[in-house]
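Have a look at the sequence and the structure, then read on.

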Amino acid sequence: LDDEKQPLCECNTCYSGPDCSQFIPNCAADADEGDPLFLEPFWIQHAANSAVLVAGWHRMSYSYNDKTVISKVLEKHIRKLHSLVGNAVTEDRFIIFGTGSTQVISAAVHALSPDNASSPARVVASIPYYSLYREQTDYFESMHFKFEGDASPWINTTNTSSTNLIEFVTSPNNPDGQLNKAVLHGPYVKAIHDLAYYWPHFTPIPAPADEDLMTFTLSKLTGHAGTRFGWAVIKKKSVYERMTMHMELNTMGVSRDSQLRALKLLKVILEGKGREIFEFGYKTMKARWEILNQTLSLSNRFSLQKIPPQYCTFFQEFRESSPAYAWLKCEREEEKDCYAVLKAANIIGRRGYMFSAEDRYVRLSMIKSRDDFDALIERLKELVSEEESVV
Ligand code: PMP
């Protein structure tokens, strides 16, 4: 198998080779991607009970025994997990699976677009927003939907205009971690609530979300981004049916092997009633956020977003924020290209422009491996100490 040639663990950016032991000198601290390897140590601790061994003859068919393409056992576990965490209402709701929430989101845009309107539905989001919404909607643009960008110009139009609108609401938001709410309301407005990060690793859970269409992903829950498994919780049968048709025509459902792996991982989470993984995830993210804040506390040149603490119904206490990403701002008037400022210091972030925001902002990923995070902090410390010596 090709996979046998791969290293056992993912190498962080400063190491290479089959066992990740070869140090790459002067390597950049790469805080660009949202690869959720912060959870790798948890799964190393649970290596045996999370392992999946599949015999060659197993599950070869297109469909399950009930002729569907969705594992009913997995669906039951997903409902159980939401009820345990208290982050989403799933009673009397439909659930659909996708190849990552990336595919679920695409199916949702298709399903919410009217197929008989004279003009396409406008797809919008509040700035800063996750770039996939724009990239994917532009790529698949059809006579039914079109990406329009910023949601705010539409706020005062929804009572008077009959333009169909689809608003993406990301909560907590990628990139800035805020618990966003929909800004558009009205008879012609529909929303896709992307709740990829609405788990206790990244945010207090104030209440179960009960929106018409909510999307989730295994990527940010267990960290298994490579399994490519996401799902949606849907209120309306007609929307569920349109999304189902999209999935069936598109990929004929999610890989049965991925569904099996997802099930095994959820079983491990549920065994410990979720306490173990979410304590681990929260502690890790919270510690990283504190270290980053401390590192930048003496800086006048860089600032970070503020997220207020809230009561978390899962942990049953007030919890501080523990966001997946830092939304860093370059404060000096002349430093309008914050990405370039960081790049010169050997730090790779993601430009504000990618989130349709000013380039004075850069997103730094906090969810990569420990080594990646440590490298980021080392480089930032050097940058802040330069600032002190100039003062
Ligand atoms: N939504 C948000 C807000 C994300 O940040 C991501 C991944 N970075 C996704 C959806 C897509 O995740 P996936 O396709 O891995 O499920």
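## A helix to start with

The expected span of a helix is 1.5 Å times one less than its number of residues. Keep in mind that this is a predicted model. Helix α7 (residues 237-250) has 14 residues, and from its first C-alpha to its last it reaches 20 Å, close to the 20 Å expected.

Which residues of α7 are buried? They are V239, M243, T244, H246 and M247. These residues cover an arc of only 160 degrees around the axis, so they sit on the same side of α7. Over on the other side of α7, K237, S238, E248 and L249 are exposed. Just past the end of α7, M252 takes a positive phi of about 55 degrees.

## The nonpolar core

M243 turns up again in the largest nonpolar core, which has 94 residues. The residues with the most contacts inside this core are A108, A232, M243, L328 and M366. The core draws at least three residues from each of domain 1 and domain 2. In soluble globular proteins, nonpolar side chains tend to be buried together.

What does A108 touch, leaving out residues up to four places away in sequence? The answer is I192, L213, T215, A232 and M243.

The domain assignment gives domain 1 (2-45 + 274-390) and domain 2 (72-271). Their centres, taken over C-alpha atoms, are separated by 25 Å. The contact takes 33 residues from domain 1 and 30 residues from domain 2.

On the side of domain 1 that touches domain 2, α9 (275-296), β12 (310-312) and β14 (325-330) each supply at least two residues. The largest share of that side comes from α9, with five residues. How do the residues of this side of domain 1 divide by type, and how many are nonpolar, polar or charged? There are 20 nonpolar, nine polar and four charged residues on the side of domain 1 that touches domain 2.

Most residues other than glycine have a negative phi, and most peptide bonds are trans.

Start with the peptide bonds. The one from I127 to P128 is cis, with omega near 0 degrees, and P128 is found in the loop between β5 (121-125) and α5 (132-140). The bond from S171 to P172 is cis as well, with omega near -5 degrees. P172 has its place in the loop between β7 (165-170) and β8 (189-194).

Now for phi. R59 is not a glycine, yet it has a positive phi of about 50 degrees. You'll find R59 in the loop between α2 (47-50) and α3 (72-85). Is R59 buried, exposed or partly exposed, and how many other C-beta atoms lie within 10 Å? R59 has 14 other C-beta atoms within 10 Å, so it counts as partly exposed. R228 is not a glycine either, and its positive phi is about 55 degrees. R228 is found in the loop between α6 (218-221) and β10. With 19 other C-beta atoms within 10 Å, R228 is partly exposed, because a residue needs 20 or more to count as buried.

Terms used:
Residues numbered from 1 in each chain as written. Predicted model: local features only at pLDDT ≥ 70, side-chain atom pairs only at ≥ 80, totals over all residues. Helix = DSSP H or I, 4+ residues; strand = E, 2+ residues; numbered from the N terminus. Buried ≥ 20, exposed ≤ 12 C-beta atoms within 10 Å, placed from the backbone. Arc of directions from axis to C-beta. Core = buried A, V, L, I, M, F, W, Y, C linked by C-beta atoms within 7 Å. Domains from an automatic or database assignment. Contact = placed C-beta atoms within 7 Å. Nonpolar A, V, L, I, M, F, W, Y, C, P; charged D, E, K, R; others polar.
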